[in-house]
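This report looks at how two chains meet and at some local features within each of them. Please keep the sequence and the structure in view while reading.

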Amino acid sequence: MSKSYYEFFCPVKVVAGHMALEHIPFELAALGAKRPMIITDKGVRVNNLLVPIEAAFIDAESVISAIFDEVPPDSSLQTVRAAAQLYRENNCDAIIAVGGGSVIDTSKGVNILVSEGGDDLLKYSGAHNLPRPLKPFFVVPTTAGTGSEVTAVAVISDTEKSIKMPFASYYLMPNAAVLDPRMTQTLPPHITAMTAMDALTHAVEAYTCLAHNPISDAYATAAIKKISENLIFVLDNPKDANGRLELAQASTMAGIAFSNSMVGLVHSIGHATGAVAHLPHGLAMSLYLPYVLEYNIDTNGDRIADLLLYLAGAEVYAATPAKERALKAIQVIRNMRDTLYDRTKLPRTLQETGKVEKSQLAEIAKKAIDDGSIIYNPKEANLKDLKAILEKAWG
Amino acid sequence: MSVKSSPISSTTQRIVPSAQKAYVGLMMDVIARALVSASQIDGELHGELEGFKAGTTIQMIVLPKGANFTIQVQEDKTLKRVDLGDQKPDLSVKFKHVSHAFLVFSFQESTAQAYANDRMVVDGDTGYATRFVRCLNQLEALILPKLVADLAVKRYPTELGIGEKFNKAAQIYLNVAGSYAELLPKAAQLLSQTLSNKTIKRS
């Protein structure tokens, strides 16, 4: 059935491929920016990931005016303020985020403060509370999973008040996402696996949940195909630049898909598990994905069945009777997880994580039912349903 | 080729939105009263309200300044209608256009699907928004015939028996009707005041 109404928006320029980093000085100059600040974390610094970016600026006779490398694993208001101060002290005029989800969210927060002035981030919290475009903002992802380089949202914690501030505004979207395979070549195997499963979940939920639309479907299915064709290959050949680029593009495409069609129950339970048991987001996504698809199958089995083509290829799709395709698609995801477990020990059940107590399941279910993404899930889930899914995922 | 607009179609275009506006205004008023009533008699809905902090104010409005209602969660986790004046509610669910609100309140599009179709903007805690949508779903399951409720909610509650549905719907409808009846003396008083003012002015 055709979609009765939808909206799609992605103004982010994608700068992708070999030597993509070398395009940054030109792209910044095109926006009139001459004094960018890099925001990153210690891990990026230690792994020498800034080296090619710094070299790209030197060769182009451009300057990086400041580098803030103290972003913690969870973004915080205090960090945002400290980075904004450094930006102002150095009279910067643009931001380049180099890192994963926390670095990108922090950078979005910094861009609000340096563009709007002041130190009060809370004033801009919520939906569409930014009045005008912000400073030029580029993102160079160093993982292939979050998709934050193309989303209009950020979550920043105020650790002093113990609150999480959500921000949603089109003005938070970067001007450019720079995907260069050099940035993900040193990712350890389990992080590569976990982040790719995060991207796969973004794409699968974007395709199977209520807000899917024809354009997000195109991005989602292309992302699924790239991940299923390249993830295991990259684990076997971690330095392969083409394979790394394919995963980076898949992550961005999945990000474009889910930022327009949102995500569902896998994310609701995953967010809740992160809050209760501090389970890493990508791991939670990988873990819950097949169980939630099984839960949804009687409501949107036709959409899940479509995914078999992108997960397993045309031959498997054609050889599988139509009524068996949805279950087969879930089985392919399960097989993928088994392979990842063999190669990287990426857990498949809550028990295997060793980080979650069975006694915490009720609390996780209670938190998940209030998560904003649950509304987009095609099938209504009550507390009893969530507990049943968690029991299955326990293993 | 020049395109002439038909006066009939333009008249129709004017009448349809006014009818929609009137319908949406009435339905939002009824929904607000029904929510207040259901919060006192339905355990399921009351349970959902347990998740809100006492004092939380929730507004539903058609942009820019159309039909609206605001309710507040009380200490005992029942609901009360309030007027916030210029104060910002804790949670605001804003329909972008009266036609979008009409789709929801005429049960052509479920609240969740309307949310997914970007028919509305939510300002406030998304967890509260999710809970509020469940409150609306439960109310619709209670007060609408099952055939209509099936269109309005993602999944009709299987545990809601016909006897319970009938009893609770009857109570809610009686309370809503009663709340309108309470308005009658006030309306009469207002009308007589207006008339007497006019009489004084004339004399």
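A salt bridge is here a side-chain nitrogen of Lys or Arg within 4 Å of a carboxyl oxygen of Asp or Glu. The model is predicted, and the values below are computed from it.

## The interface of chain A and chain B

Between chain B and chain A the rule finds four salt bridges. Eleven residue pairs are in polar contact between chain B and chain A, counting pairs with both residues at pLDDT 80 or more.

On the side of chain B that touches chain A, at least two residues each are supplied by helix H4 (111-116), strand S5 (120-123) and helix H5 (126-143) of chain B. The largest share, seven residues, comes from H5(B). Sorted by class, this side of chain B has nine charged, six polar and six nonpolar residues. In total, 21 residues of chain B are in contact with 24 residues of chain A, and the area buried between the two chains is about 1900 Å², of which carbon and sulfur atoms give 46%.

## Annotated domains of chain A

An unreviewed UniProt entry places the feature "domain: Alcohol dehydrogenase iron-type/glycerol dehydrogenase GldA" at residues 11-181 of chain A. This span is 29% helix and 23% strand, and its end C-alpha atoms lie 22 Å apart.

For residues 192-394 of chain A, UniProt (unreviewed entry) lists "domain: Fe-containing alcohol dehydrogenase-like C-terminal". Over these residues the chain is 77% helix and 0% strand, with the end C-alpha atoms 24 Å apart.

## Aromatic pairs

Over all chains the count comes to six aromatic pairs. One of them, formed by Phe8(A) and Tyr219(A), is stacked, with 5.7 Å from centre to centre and 10° between the planes. Because Phe8(A) lies in the segment before strand S1 (13-16) of chain A and Tyr219(A) in helix H7 (residues 214-236) of chain A, the pair ties together parts that are 211 residues apart in sequence.

## Backbone features of chain B

Most residues other than glycine have a negative phi, and most peptide bonds are trans. Leu63(B) and Pro64(B) are joined by a cis peptide bond, with omega about 0°, and Pro64(B) lies in the loop between strand S1 (57-62) and strand S2 (68-73) of chain B.

Phe107(B), although not a glycine, has a positive phi of about 60°. This residue, Phe107(B), is placed in the loop between helix H3 (98-105) and H4 of chain B.

Terms used. Residues are numbered from 1 along each chain as its sequence is written. Chains are lettered from A and ligands numbered from 1 in the order in which they are written. This is a predicted model: local features need pLDDT of at least 70, side-chain atom pairs count only at pLDDT 80 or more; totals for chains, interfaces and linings use all residues. Side-chain values use heavy atoms; hydrogens and water are left out. Contact means heavy atoms within 4.5 Å. Buried area is the accessible area (1.4 Å probe) that two parts lose on being put together, summed over both. A polar contact is a pair of N or O atoms within 3.5 Å; within protein, one must be able to donate a hydrogen and the other to accept it, and residues adjacent in sequence count only if both atoms are side-chain atoms. Helices (H or I, at least four residues) and strands (E, at least two) are DSSP runs, numbered from the N terminus. Ala, Val, Leu, Ile, Met, Phe, Trp, Tyr, Cys and Pro count as nonpolar, Asp, Glu, Lys and Arg as charged, and the others, Gly among them, as polar. UniProt positions are given in the numbering used here, feature names are shortened, and annotations may be inferred rather than shown by experiment. Rings of Phe, Tyr and Trp (its six-membered ring) pair if their centres lie within 6.5 Å; planes under 30 degrees apart count as stacked, over 60 as edge-to-face and the rest as tilted.
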